[in-house]
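Let us walk through this structure step by step. Keep the sequence beside you as you read.

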Amino acid sequence: MKKIVIQFLMWFPLMSFAHGGDDHGDTKKAEAAGKLTYFSSEAVSEKYELLVKYNTITPGENAALKLFVSEYNTNRPVDSATIMVTVVSDPGIKILVSQLSKGVYELKGIFPAKKTYNLAVNINSSIGADLIQVNNIEVGKEFVVPNIKDGEHIHWYGSNWFFGFAGLVIGLALMYFVSKRRSSKITTAIIILFCLLPSTVYNPVSAHEGEDHNGNTKSAGSSSEFIIEKETQFLFDIQTQKAGTGNFSESVVLLGTVSAAPQGRSVIQAPQTGKIVSLNIIPGQQVARGQTVAVIEQQIDAGTQISILSQSNAINAEYDAAKAQYERLKAIEDIAAKKEVTEAKARYETAKRNKTLFDANNNNGISSTKKIILTAPVSGTVSSFNYATGAIVNAGETLFEITNLDKIFTEVQVFANDAQKIKSAVSFTCVSNTNGEMYKLKLVNTAQFVNAGNQSQKVVFEILNPGGQFKIGENINVRMTGINVTRQLLIPSDAITSINGKPAVFIKDKAEQYSVSFVVTGSANEQFTIISKGVEDGERVVTTNVYQTKMVYLNQ
């Protein structure tokens, strides 16, 4: 058993040396992702960014190069540009230019010698004319993909195979030496020595690389810089904007809930139990105020019919008696007392009005049904409903709703810290969750009471010209812009993303080179955010399709 343990420990040097750099392939993958398989040259001006990409060009043979043209500030591809290209050192070389797609042009020509050429690009488009020189087009240069890092050379005595073989030989020699020794102390000392060897093996990768001692530790296999080829930039429509100093108005975001205006919503209910005999509307239909929307036929039971008949007989009897008495006194008006004639006339007129009213409500006869016409009290859109013609509804049951979204309110929850800012605010805006457009708000009234639960106040605003883009009960963010204006370094708020829980932006350094920068943000409004650290004035930050840029960065 003792010999087995000793032999196992003798193999530790082999296993330790054979493991090598301990990068598990991550560093190599990261390096491979950043390597390019083509030559490129770029040039910029105040208007344009040019990038020429090409493979190995054979002198004296037809060559095809790709020219990518984009706006310098926004990175938008330049379409339908007029381009003329000449060779600076040899104007006799003809370069034919043709457009392949939006922002992508092909250059064809024959370069006679194996040397470096410079191209003069005369370009004219909708953003103006410019003359730009693209340098270092290397003709005849072969593209070689390096297998190791630049400046790094691994000798035969520095490879893992050498240390693995050396560990095997040393282990066998020591195992033979230990087997010949009879002293237990020497054996124990050798065992302890080789138990410690795995912690001090040779590792060609520096374990200290990447630490900057400022709280930020960089991985040896990761970098803030990454490559996005021009084809991918145009495909994903990755656009940029220059960071710059500008006027900033402080703003506060408040939570609001959309509600209907006082005359903008109506609930149509059945006044009596009955059957729907007519529906003149459909869900989603626009109706006008006073328009007939439904007809309900009221159902009358036998007891009610008897009561109505009894009331009808009493009213008719009173009417007949009052009429007969008035006609009799009218005939003897000359000898009858004037007071009696006046009283008879008043009695007759009252009975007549009661009979007319009763007959009108009873459809001039006794029947088991009665029709009730329902009209729209407000103009608006009919909501969905589940009733059809012939359905029986109960008294007080809701048939449908009519809502007018042309005028709506929002109730905003305001706390004490922001309540005083409302008086000095210069504007109130909100953004629709439907189309993303911004709408202005008008203050209707300030809070009249305070919520005892959270000490908040409700302030009512009217959304101006909503255009049907808001729904009743929808939650929206209301931005209150203050009167104070300061000069700050600003970038669009859409440019900021989150990486590992930290705010970051992507900066365009070169035509195909981007970098990620973690930033310290300040106040923000509906368009811009103050940047305290992480972005310099004039740097181009990605503002459109930031998510796609983030995915490219994380996958490299």
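Of the 556 residues of the protein chain, 34% count as buried. Buried means under 20% relative accessible area, exposed means over 50%, and partly exposed lies in between, with a 1.4 Å probe and protein chains only. This is a predicted model, in which local features need pLDDT of at least 70 and side-chain atom pairs count only at pLDDT 80 or more, while totals for chains, interfaces and linings use all residues. Residues are numbered from 1 along each chain as its sequence is written, and side-chain values use heavy atoms, with hydrogens and water left out.

Now the overall make-up. The protein chain has 10 helices and 30 strands. Both are DSSP runs numbered from the N terminus: helices are H or I with at least four residues, strands are E with at least two. Take contacts, meaning heavy atoms within 4.5 Å. Among those between residues at least 6 apart in sequence, 72% join residues at least 24 apart.

Turn to strand 30, residues 540-544. Is strand 30 largely enclosed or open? Of its 5 residues, 4 are buried, so strand 30 is largely enclosed by the rest of the structure. Which strands pair with it? Strand 10 (residues 239-242) pairs with strand 30 in the antiparallel sense over 4 bridges. Two strands count as paired if DSSP finds at least two bridges between them. Here Thr240 stands opposite Val542 of strand 30. Strand 26 (residues 502-508) also pairs with strand 30, again antiparallel, over 2 bridges. There, Ile507 stands opposite Val541.

Next comes helix 10, residues 546-555. Its buried residues are Val546, Thr549, Lys550, Val552 and Tyr553. Seen down the axis of helix 10, these fall within an arc of 160°, so they line one face of the helix. The arc is that of the directions from the helix axis to the C-beta atoms. The face turned away from the buried side carries the exposed residues Tyr547 and Asn555. What covers the buried residues of helix 10? The cover includes strand 26 and strand 30, along with helix 6 (230-236).
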